[in-house]
Amino acid sequence: MARQEKTIAVAGAGSIGCYVGGCLALAGRKVNFLGRGRIVEAMRRDGLRVSDLDGRDRRIDPEALAVTDDPAMALRNADIVLVTVKSGATEEMAALLAAHARPDTIVVSLQNGVGNADKLRAKLPAQRVLAGMVPFNVVQSPDGEAPFRVHRASEGKIMVEEGVDGLAGLLGVEGLGVEARSDMKAVQWSKLLMNLNNALVALSGLPLTRELADRRWRRILAGQIDEALAAMKAAGMEPARITGLPPSLLPKLLRLPDWLFGLLARRMLAIDPEARSSMWDDLERRRPTEIDDLQGAVLSLAKQTGTPAPTIERVAALVRQAESEKRGPPGLTPEKV
Ligand SMILES: NC(=O)C1=CN([C@@H]2O[C@H](COP(=O)(O)OP(=O)(O)OC[C@H]3O[C@@H](n4cnc5c(N)ncnc54)[C@H](OP(=O)(O)O)[C@@H]3O)[C@@H](O)[C@H]2O)C=CC1
Ligand SMILES: CC(C)(CO)C(=O)C(=O)O
């Protein structure tokens with residue numbers, strides 16, 4: 001795949017879309033950002049700042065950015081579309097792609113959850129749709145900071161489904177490691193285990209490092225992971241190894257005393273102190289969360305396989321309550337969960 005001539009559209013210019021698209025644009029790739037509202041206005045006015053916990057801090061001037069809220073303009077000449085909207089907006093984005101993207105466009109879902117690539121496939125029979133997985137957290141600058149900044153707050157390589165020659169090379173640029181994988185379903189289920197923590201960060205309101213440093217929160221996460229692993233086992237599914245540790249050992253690691261966990265999980269804890277979770281971002285902005293696609297996906301599997309999942313059910317109920325109250329992250333203690 002010849003790199004410089006390809007046009008890459010970012011469908012959903014938010015945290016992940018602006019970080020990934022920003023790294024690609026900085027590397028000289030042609031990038032169209034499709035976004036809306038506050039972020040489109042900010043990027044048009046002041047450009048984009050892209051930083052990371054490895055110390056990179058780079059800027060793109062507004063004149064060098066192709067940013068629009070017009071789907072036709074962003075999508076019609078795209079060779080690759082990276083879908084970076086939240087799960088609840090996937091169907092809407094799929095309809096825009098069906099209307100505006102070329103049949104030979106390759107669509108890559110860079111979303112959490114295990115069902116978004118399939119939702120896109122169902123609406124886009126002509127296009128090739130690949131699943132992807134983003135392991136790192138991205139923090140957006142607070143409202144009013146200029147230029148709008150996206151900061152990669154933890155480590156890890158993006159994984160994309162194999163099958164399109166040169167795709168990992170096209171997307172793998174400075175600040176952005178990309179690996180092609182043949183086992184994306186197993187990768188996504190494994191990421192889902194990590195994402196069971198998004199809700200705990202959202203309910204506590206704590207930064208990820210502080211939440212993970214507290215064994216009381218880790219025990220709740222371990223309980224959710226145990227339930228998810230039991231449901232996956234009953235369904236004959238094995239989550240992939242995407243961190244240094246086999247997924248089956250995660251609950252054991254999480255239940256260790258704080259001092260030992262801190263020692264053994266040093267790599268896992270290389271996280272910016274500002275990082276929280278994308279579900280915390282949603283409660284903070286009074287938006288719908290991805291609870292149905294994260295805890296909800298495990299609950300569906302648990303129901304199908306007849307395995308109990310009381311911890312996940314309770315966490316999901318608390319997130320749904322916070323979502324409907326629209327008062328932001330409720331700041332719960334582990335005892336309240
Ligand atoms: N944030 C993170 O650190 C991580 C996120 N992920 C996953 O990546 C995916 C994206 O998350 P994230 O980047 O946080 O989400 P964001 O909400 O930050 O970004 C999505 C953006 O897409 C915009 N959007 C939605 N629909 C449209 C549309 N029809 N046209 C134009 N713009 C649209 C949204 O605008 P509006 O706000 O107006 O709706 C929003 O700005 C999720 O599945 C998430 O779970 C994975 C790893 C880490
Ligand atoms: C924090 C992280 C990287 C892992 O849970 C994430 O996927 C998210 O915020 O959605």
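At what angle do the axes of helix H9 and helix H14 cross, and how close do they come? The axes of H9 (residues 215–234) and H14 (residues 310–325) cross at roughly 120° and come within 8 Å. That makes H9 oblique to H14; angles under 35 degrees count as roughly parallel, over 145 as roughly antiparallel, 65 to 115 as roughly perpendicular and the rest as oblique.

Before going further, some ground rules. This is a predicted model, where local features need pLDDT of at least 70 and side-chain atom pairs count only at pLDDT 80 or more, while totals for chains, interfaces and linings use all residues. Side-chain values use heavy atoms, with hydrogens and water left out, residues are numbered from 1 along each chain as its sequence is written, and chains are lettered from A and ligands numbered from 1 in the order in which they are written.

**Helix packing**

Two packed helices are described by the angle between their axes and the distance between the axes. The axes are lines fitted to C-alpha atoms, for helices over the stretch in contact, and angles run from 0 to 180 degrees between N-to-C directions. Helices (H or I, at least four residues) and strands (E, at least two) are DSSP runs, numbered from the N terminus.

On the H9 side, the contact (heavy atoms within 4.5 Å) is made by Ile-220, Gly-223, Gln-224, Glu-227 and Ala-228, and on the H14 side by Pro-310, Thr-311, Ile-312 and Val-315. Sorted by class, that contact has 5 nonpolar, 3 polar and 1 charged residues. Here Ala, Val, Leu, Ile, Met, Phe, Trp, Tyr, Cys and Pro count as nonpolar, Asp, Glu, Lys and Arg as charged, and the others, Gly among them, as polar.

Helix H7 (residues 184–204) packs with helix H13 (residues 295–305) at an angle of about 120°, with the axes 9 Å apart. That makes H7 oblique to H13. Trp-189, Leu-192, Leu-196 and Ala-199 of H7 meet Gln-295, Ala-297, Val-298 and Leu-301 of H13. The tally for this contact is 7 nonpolar, 1 polar and no charged residues.

**The two ligands**

Ligand 1 has 27 residues around it, and the closest are Ile-16, Arg-36, Asn-112, Val-138 and Glu-290; a residue gets into such a shell if one of its heavy atoms lies within 4 Å. Helix H1 (15–26), helix H4 (90–100) and strand S9 (138–140) each supply at least two of the shell residues, with the largest share, 3 residues, coming from H4. By class, the shell of ligand 1 has 11 nonpolar, 10 polar and 6 charged residues.

Around ligand 2 sit Asn-112, Pro-135, Phe-136, Asn-137, Lys-191, Met-194, Asn-195, Asn-198, Ser-277 and Ser-278. H7 provides the largest share of this shell, 4 residues. Its residues divide into 3 nonpolar, 6 polar and 1 charged.

| Ligand | Side chain | Distance |
|---|---|---|
| Ligand 1 | Arg-36 | 3.0 Å |
| Ligand 1 | Asn-137 | 3.0 Å |
| Ligand 1 | Gln-140 | 3.4 Å |
| Ligand 2 | Asn-112 | 3.0 Å |
| Ligand 2 | Asn-137 | 3.3 Å |
| Ligand 2 | Asn-195 | 2.9 Å |

Taken alone, ligand 1 exposes 890 Å², and the protein buries 89% of that. For ligand 2 the area exposed alone is 290 Å², of which the protein buries 89%. Both areas come from the Shrake-Rupley method with a 1.4 Å probe.

Two spots in the loops are worth a look. Ala-146 and Pro-147 are joined by a cis peptide bond, with omega about -10°. Pro-147 is found in the loop between S9 and strand S10 (148–152). Arg-286 isn't a glycine, yet has a positive phi of about 60°. Arg-286 lies in the loop between helix H12 (278–284) and H13.

Key. Polar contact = N/O pair within 3.5 Å; in protein donor to acceptor, adjacent residues only side chain to side chain.
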